[in-house]
Amino acid sequence: MTEQDHESSDTSDTGDTSGTANSPAPPEQSSGQQSDHGAPVSTGPGTPVDTAGVPDSAIPELVIISGMSGAGRSTAAKCLEDLGWFVVDNLPPALIPTMVELGARSQGNVARIAVVVDVRGRRFFDNLRESLADLENKHVTRRIVFLESSDEALVRRFESVRRPHPLQGDGRIVDGIDAERELLRELRGDADLVIDTSSLNVHELRAKMDAQFAGEEEPELRATVMSFGFKYGLPVDADLVVDMRFLPNPHWVPELRPFTGLNEEVSNYVFSQPGAKEFLDRYTELLQLIAAGYRREGKRYVTIAVGCTGGKHRSVATSEKLAARLASQGVETVVVHRDMGRE
């Protein structure tokens, strides 16, 4: 992975856990809590997973993501999260069976779990083999993904983000890398999938993860279509901005002024103007091209901001039409009218 890609999206391997659930340290003794079904919920290290009475079909699929710090664990985890997996970052290995048990009793709501295990939880790392053995005895489908990278690439990435290696202590970055390799050597040998990210960028790593876990389905794209008023400022999260001020403003039509673009009369007025329908048709075609590129690059969320002067008439009517077009093409779409009530 390149230095820039690592700095922008992979620094969570050295401590930042944004985008996934960050698990707290486990209590030293079992709390004696019970699930809603009355079965004991284990919280102590090394407690076997209890899926008695749960159909095999309800036991969630499990992926364990591990590997070298800086090699792309967080990117791999975010990829699975985008594919619909329930992702837990930095979970102590002793609690993996508990996560599987809770998933099994979720009535199908948690069908796939991904757990990131790394040296930040090194004092619990000895429990990993015991947990894996327990999962195997319970016939839990699990895979281990190990992210690998060369010493040179890892040193370059840590230096680019100006952060120490988690295991270097008072030594050098290479000392921490050597210690981590030794700690993870056995786990690497047990891995079902080893990905060397030395020469991969973020998009290439995501493509490899998609190839392994997305199945035959093409990655989904989710869109938010947001109407807004230019006089209130651009939406800060906009990926694409559409300016509808090239059409006449219904504000200057007295009988339409009190209404919004949700009103049929206003919508009919907007799309009766020269160029309005043609624009909608062409822009929808353009979005098909852009959406295909987003999927190839691993981007699954897009915000399309549609603006007019006040965010009340033209932008609202166009947003509704555009969202309906996207939904008809299989894009999961949400419509937000940011400024519609401000005038």
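Predicted model: local features only at pLDDT ≥ 70, side-chain atom pairs only at ≥ 80, totals over all residues.

Me: How is the packing of two helices described?

Reply: Two packed helices are described by the angle between their axes and by the distance between those axes. Here, helix α2 (residues 73-82) and helix α7 (residues 202-213) have axes that come within 9 Å and cross at roughly 50 degrees. The two helices are therefore oblique to each other.

Me: What is the handedness of the crossing where α2 passes α7, and which residues make the contact?

Reply: The crossing is right-handed. From α2 come T75, A76, K78, C79, L80 and D82, and α7 supplies V202, L205, R206, M209, D210 and F213. By type, the residues of this contact are seven nonpolar, one polar and four charged.

Me: Which members of the largest nonpolar core touch the most other members?

Reply: That core has 50 residues, and L62, I65, L80, I96 and M209 touch the most other members. Beyond four places in sequence, M209 touches A76, C79, L80, V145, I195 and A214. A second, separate core has 26 residues, among them A223, L247, A276 and I304.

Me: Is A276 buried or exposed?

Reply: Buried means under 20% relative accessible area. A276 has 1% relative accessibility, so it counts as buried.

Me: Where is A276 placed, and what is it in contact with?

Reply: A276 lies in helix α9 (residues 276-296). Apart from neighbours within four places in sequence, A276 contacts L247, V270 and F271. The C-alpha atoms of A276 and T318 are separated by 8.9 Å, with the two residues 42 apart along the chain.

Notes:
Residues numbered from 1 in each chain as written. Heavy atoms only, no water. Core = buried A, V, L, I, M, F, W, Y, C linked by side-chain atoms within 4.5 Å. Buried < 20%, exposed > 50% of the residue type's maximum accessible area, 1.4 Å probe, protein only. Contact = heavy atoms within 4.5 Å. Axes fitted to C-alpha atoms, helices over the stretch in contact; angles between N-to-C directions. Helix = DSSP H or I, 4+ residues; strand = E, 2+ residues; numbered from the N terminus. Parallel < 35°, antiparallel > 145°, perpendicular 65-115°, else oblique. Left-handed = near helix turned anticlockwise from the far one by under 90°. Nonpolar A, V, L, I, M, F, W, Y, C, P; charged D, E, K, R; others polar.
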